Amino acid sequence: MKTGLLTVAGVVALTGLSAAAMAQRDPAYAAAREAKQVGEQPDGYLGVVSGGAAVQALVRDINIKRKAAYTASAQASGSTVEQFAFTTGCNLVARVPVGEMYKTPSGQWKENTGTPELDGRCK
């Protein structure tokens, strides 16, 4: 069991980095993050904090790409998409830069001021 979790964690790290790297190249995504219109969620997906149809479409597009990456990685690691997404969400929320938004375990949007609140199941 522990070996499987380590494998998942390794793949999560690689997937999280590649997904984040791809998104970083999108100026609209960078602008939405800077404007605090989007934030990371514990479930591994990006969420809309505020904004109209353009922000919602951007988030939907990024989340479709994330789900595709999670699905492929989950199949390769023998975990479920939900488990893989959650583990990735733990890593993404933990790495939210200061000043950017994330969703707390209680479901509230919060600006990261130093150490984001993580779900108790994140290890």
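Student: Where is K36 found?

Tutor: K36 lies in the loop between helix 2 (27–34) and strand 1 (38–40). Helices (H or I, at least four residues) and strands (E, at least two) are DSSP runs, numbered from the N terminus. The model is predicted: local features need pLDDT of at least 70, side-chain atom pairs count only at pLDDT 80 or more, and totals for chains, interfaces and linings use all residues. Residues are numbered from 1 along each chain as its sequence is written, and side-chain values use heavy atoms, with hydrogens and water left out.

Student: Why is K36 called partly exposed?

Tutor: Buried means under 20% relative accessible area, exposed over 50%, and partly exposed in between (1.4 Å probe, protein chains only). The relative accessibility of K36 is 29%, so K36 counts as partly exposed.

Student: What makes C90 and C122 a disulfide?

Tutor: A disulfide is a pair of cysteine sulfur atoms within 2.5 Å. The sulfur atoms of C90 and C122 are 2.0 Å apart, and they form a disulfide. The pair links distant parts of the chain, with C90 in helix 4 and C122 in the segment after strand 4 (109–111), 32 residues apart.
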